[in-house]
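Thanks for making time for this.

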Amino acid sequence: MSTTIVSTAELPASAPATRRSSTWDNWGRVLVIPYLLVFAVFVLYPVGYGLWLARHPASYERLFADPIFFRTAINTVVFLVVAINLKMVVALLLSGFFIQTRWWIKILSMLFILPWAVPSIPTILSVRFMLNPEWGVINSLIFRLTGNDGPNWLNDPTLALSFSMLMHIWKSLPFWTLILVAGRLAIPAEQYEAAAVDGATSWQKFRYITWPSMRTLYLTSTILSMIWTLGDFNSVYLLTGGGPADLTHVLATLGIRYLRLDQVDLAMASIVVALPFVLPLVFFMMKRLSK
């Protein structure tokens, strides 16, 4: 008799809990609808429409027949290999400097973050004005000091692409330095204290403590930086416009060239061609993170 009373007493208590759980589930479905709509309109539809425009094999034949495309592919590889590795190595070195607790380093770190914090467009356009061969600040200073005209910085493909890479490094270096500083701060200080007691040098501390602890973070940041750099439009287009003679284009800016020539199919094909660069990086990064 008592067992029956207890079980019947529990039934009314479980029913409101079930109704509350169902209510929260319904609210969850309602709140996720705006996200799904935004994702469908701004991600699925543009990607699907771009793939539909680039579906014709003839577009890729015309793309591969364009000599600018192969120069662009080479520029993209050079940009990734040189700019990314140089940026990440410098960020790793600077993270060891900014981790110090001196008061003046804290002030310097605030100034160091400014290039990343300020908007990209006015910053890059200001650098382009400085590199102007006629009235730019750099050539004006060269003329005052030497009496000779300075070089036409952005009219040489090698110099123009080099300045684009320097612009990219200067703009994004503070962000990755902060990421690696956070990684260094996560290393227990006791490990360094024990190494100092054992007489370890600075290089030995880095080799046996810092690098093993930060290796995964460093590699993941490098891969993520490569993915973002493949879509870096501003550093090249705003500084050089792809010139001179379309010789400094990267895959992120090549599509704009074709759009300006009213060749939409080639623009979409150039974006699809970039997928073999992106997908292996995404796969490798997710594989690293899963470990």
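What follows is a short walk through the packing and the backbone of this predicted model.

Let me begin with the largest nonpolar core, which holds 23 residues, and in which Met 88, Leu 180 and Leu 281 touch the most other members. Two or more residues of this core are supplied by each of the helices α3 (67–98), α4 (103–117), α7 (157–185), α9 (202–230) and α13 (275–290), and the largest share, 7 residues, comes from α9.

Next, please turn to Tyr 192, which sits in helix α8, residues 189–197. Is Tyr 192 exposed or only partly exposed? Its relative accessibility is 23%, and therefore Tyr 192 counts as partly exposed, given that buried would require a value under 20% and exposed one over 50%. Once neighbours within four places in sequence are left aside, the contacts of Tyr 192 are with Ile 187, Lys 205, Ile 209 and Thr 210. As for Phe 206, which is 14 residues away from Tyr 192 along the chain, the two C-alpha atoms are separated by 9.5 Å.

Which form does the peptide bond from Gly 243 to Pro 244 take? That bond is cis, with omega near 5°, and Pro 244 belongs to the loop between α10 (234–240) and α11 (251–260).

In the loop between α10 and α11 we also find Ala 245, whose phi is near 55°, a positive value in a residue other than glycine. With a relative accessibility of 62%, Ala 245 counts as exposed.

Finally, Asp 262 lies in the loop between α11 and α12 (264–273), and its phi, near 60°, is likewise a positive value in a residue other than glycine. Asp 262 is exposed, because its relative accessible area is 65% and the cut-off for exposed is over 50%.

Methods:
Residues numbered from 1 in each chain as written. Predicted model: local features only at pLDDT ≥ 70, side-chain atom pairs only at ≥ 80, totals over all residues. Heavy atoms only, no water. Core = buried A, V, L, I, M, F, W, Y, C linked by side-chain atoms within 4.5 Å. Buried < 20%, exposed > 50% of the residue type's maximum accessible area, 1.4 Å probe, protein only. Helix = DSSP H or I, 4+ residues; strand = E, 2+ residues; numbered from the N terminus. Contact = heavy atoms within 4.5 Å.
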